[in-house]
Every structure is written in structure tokens, then in C-alpha cells.
Amino acid sequence: MALNEDQPRLGCGRLIDEVWASIDQPPSVHEQTCADCQSARAALHHLVAVTESMRDRDRDDAGLQPGHRVKEAIMMVARAEVRRSRRTPLATTSLGTIDISEQALSALIRFAASTLPGVRARRCTITTLRTARTPQAAHSMQGGTSSTTVVDVEDVRITLTVALSSQVKIPDTMGLLRERVGTIVQAQTSITMQQIDIIVEDLYDI
């Protein structure tokens with residue numbers, strides 16, 4: 001059985017999809033003389049015009065625009081997809097480089113911030129600059145010294161956007177937040193944050 005057997009056909013036997021596929025092109029020789037195809041093309045052109053008109057109206061109508069939360073959710077997904085492919089080196093050893101995805105590091109930073117009462121982490125931007133290399137001797141389980149391990153010293157800076165509870169003291173909370181983020185990230189990844197910028201963009205009631 002043909003897959004297109006149940007699809008609607010015009011009186012001339014053509015599929016409506018065949019007419020639609022060439023709607024942006026001049027009428028074919030058959031369409032120039034076929035009343036069924038001419039009627040279908042006119043109806044499809046009308047459908048295109050109505051669709052474009054509705055799309056333009058929706059775009060210009062402020063009441064139909066997505067809200068801040070919807071836009072933020074979309075952008076978080078977009079940023080996550082970009083960050084998934086970006087890597088931040090943690091160390092370079094004789095066996096290769098140890099790194100972490102920017103997405104995972106950003107998630108850790110937001111988690112660290114959210115462990116502080118009255119803080120809701122939102123966006124996180126990470127900037128990583130390689131500044132130097134420090135050789136360190138790696139020790140074996142038996143206590144001897146094995147091959148040299150090279151640790152990349154990274155200049156990691158972040159900008160974290162948060163919303164705060166209206167009940168907290170902002171200056172005190174900023175200090176605690178920087179300390180909390182730096183401590184948790186250093187403990188989990190050995191990365192020492194060189195700069196932590198925090199932007200308070202909203203206050204909320206508990």
C-alpha cells in the first residue's frame with residue numbers, strides 16, 4: 001500500500017501536498033490549465049497571507065509576548081547547551097588533562113549560592129584565563145615519588161546574578177555568599193575563584 005494513498009487529492013488526481021510544495025513557484029504547465037489546481041493554489045496563497053498577518057500581529061501585540069520568566073527559562077536552556085561543550089581545565093597530569101564542563105561548574109556555583117538562606121541563584125557567567133603552570137611532584141601509594149604532575153593554575157572569575165529575600169541584610173549576605181561559593185567550589189574542584197561578582201537583580205518576599 002502506498003504511504004500517500006489516504007492523503008487528500010484534488011479532482012485532477014494530484015495530492016494537495018504536491019501543490020503546496022511548489023506554492024512559491026510559478027504555476028506549472030498543468031496548473032495553468034487545471035481549474036482544480038488553480039483553486040487549490042488560490043486557497044493556499046490565502047492561507048499563507050492569513051498566517052503571516054496573524055504572526056505579525058502576535059509579534060507586535062505586547063499582550064502576547066512571553067513574560068520575563070519564560071524568556072529566562074528559554075535562555076537558561078540555550079546557555080546550558082552552549083556551556084555543555086565548553087571545558088575548564090582543572091589539572092594536566094602525565095596521563096592527560098582533567099577538566100570540567102562549564103555547565104557542571106555553573107550548576108555547582110548556583111547550588112553553592114542556593115545553600116545560603118534567603119538567596120536564589122539565577123544566571124552565572126564564567127571567565128577562565130590560564131595564567132601559569134606550577135609543577136608538583138606526585139607521590140605514589142607506597143610513599144615514593146613518581147612522575148611529575150603539572151597543575152594548570154587558572155584565573156577563574158564569575159558573575160553571579162541572584163534574587164534575595166527582602167528579609168536579609170544585603171551587605172552581610174553578599175560577604176557570606178562570596179565565601180560560600182568560593183569554599184564549596186574550591187572543595188569540590190580545587191578551583192580557587194580569583195573574582196566573584198554578584199549582581200542582585202530582584203527581591204522577593206518569603
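Mentor: Gladly, and keep in mind throughout that this is a predicted model. Let us begin with arginine 14, which is buried because its relative accessible area is 19%, and the cut-off for buried is under 20%.

Trainee: OK, and which residue meets the side chain of arginine 14 in a salt bridge at 2.9 Å, N to O?

Mentor: That is glutamate 31, whose side chain meets arginine 14 in a salt bridge. The pair links distant parts of the chain, since arginine 14 lies in the segment before α1 (16–21) while glutamate 31 is in helix α2 (residues 29–33), 17 residues apart.

Trainee: Is glutamate 31 buried or exposed?

Mentor: Glutamate 31 is buried, as arginine 14 is.

Trainee: What else does glutamate 31 pair with?

Mentor: Glutamate 31 also forms a salt bridge with arginine 41, where the closest N and O atoms are 3.3 Å apart. This pair, too, links distant parts of the chain, with glutamate 31 in helix α2 and arginine 41 in helix α3 (residues 35–60), 10 residues apart. Both glutamate 31 and arginine 41 are buried.

Trainee: Let me step back to the fold. How many helices and strands are there?

Mentor: The secondary structure comes to six helices and five strands. Read from the N terminus, the order of the elements is α-α-α-α-β-β-α-β-β-α-β.

Trainee: What share of the residues counts as buried?

Mentor: Of the 206 residues, 28% count as buried. As for contacts, among those with a separation of 6 or more, 58% are between residues 24 or more positions apart.

Trainee: And the surface, what does its area come to?

Mentor: The accessible surface comes to about 13500 Å², and 55% of that belongs to carbon and sulfur atoms.

Trainee: Which residues form a nonpolar patch there?

Mentor: Ile170, Val200 and Leu203 form a nonpolar patch on the surface, and together they have about 220 Å² of accessible area. Leucine 203 lies in strand β5 (residues 193–204), and this leucine counts as partly exposed because its relative accessibility is 47%.

Trainee: Switching to pockets, what is the volume of the largest one?

Mentor: The largest pocket has a volume of about 230 Å³. Its lining has 11 residues, of which Arg69, Glu72, Arg122, Ala163 and Asp202 are the closest to the centre.

Trainee: Which element gives the most to that lining?

Mentor: Helix α4 gives the most, with four residues. At least two lining residues come from each of α4 (68–85), β3 (119–139) and β5.

Trainee: Now helix α6, please. Is threonine 173 buried or exposed?

Mentor: Threonine 173, which lies in helix α6 (residues 170–189), is buried because its relative accessible area is 8%. Leaving aside residues up to four places away in sequence, threonine 173 touches Leu116, Val119, Leu164 and Val168.

Trainee: What about glutamate 179, buried or exposed?

Mentor: Glutamate 179 is also found in helix α6, and this residue is exposed because its relative accessible area is 54%. Glutamate 179 and isoleucine 196 are 17 residues apart in sequence, with 9.4 Å between them in space, C-alpha to C-alpha.

Trainee: One more, then: where is serine 165?

Mentor: Serine 165 is found in strand β4 (residues 145–165), and serine 165 counts as buried because its relative accessibility is 1%. Its C-alpha atom is separated by 8.3 Å from that of arginine 120, although serine 165 and arginine 120 are 45 residues apart along the chain.

How values were computed:
Residues are numbered from 1 along each chain as its sequence is written. This is a predicted model: local features need pLDDT of at least 70, side-chain atom pairs count only at pLDDT 80 or more; totals for chains, interfaces and linings use all residues. Side-chain values use heavy atoms; hydrogens and water are left out. Patches are made of residues with over 30% relative accessible area and no salt bridge: like charges are joined within 9 Å, nonpolar side chains (Val, Leu, Ile, Met, Phe, Trp, Tyr) within 5 Å. Accessible areas come from the Shrake-Rupley method with a 1.4 Å probe; for residues, only the protein chains shown count as cover. A salt bridge is a side-chain nitrogen of Lys or Arg within 4 Å of a carboxyl oxygen of Asp or Glu. Buried means under 20% relative accessible area, exposed over 50%, partly exposed in between (1.4 Å probe, protein chains only). Contact means heavy atoms within 4.5 Å. On a 1 Å grid over the protein atoms alone, a cavity is a set of points where a 1.4 Å probe fits but cannot get out, and a pocket is an open set with protein on both sides within 12 Å along at least five of seven lines; lining residues have an atom within 4 Å of a point. Grid points are joined across faces, edges and corners, and a volume is the space filled by probe spheres set on the points.
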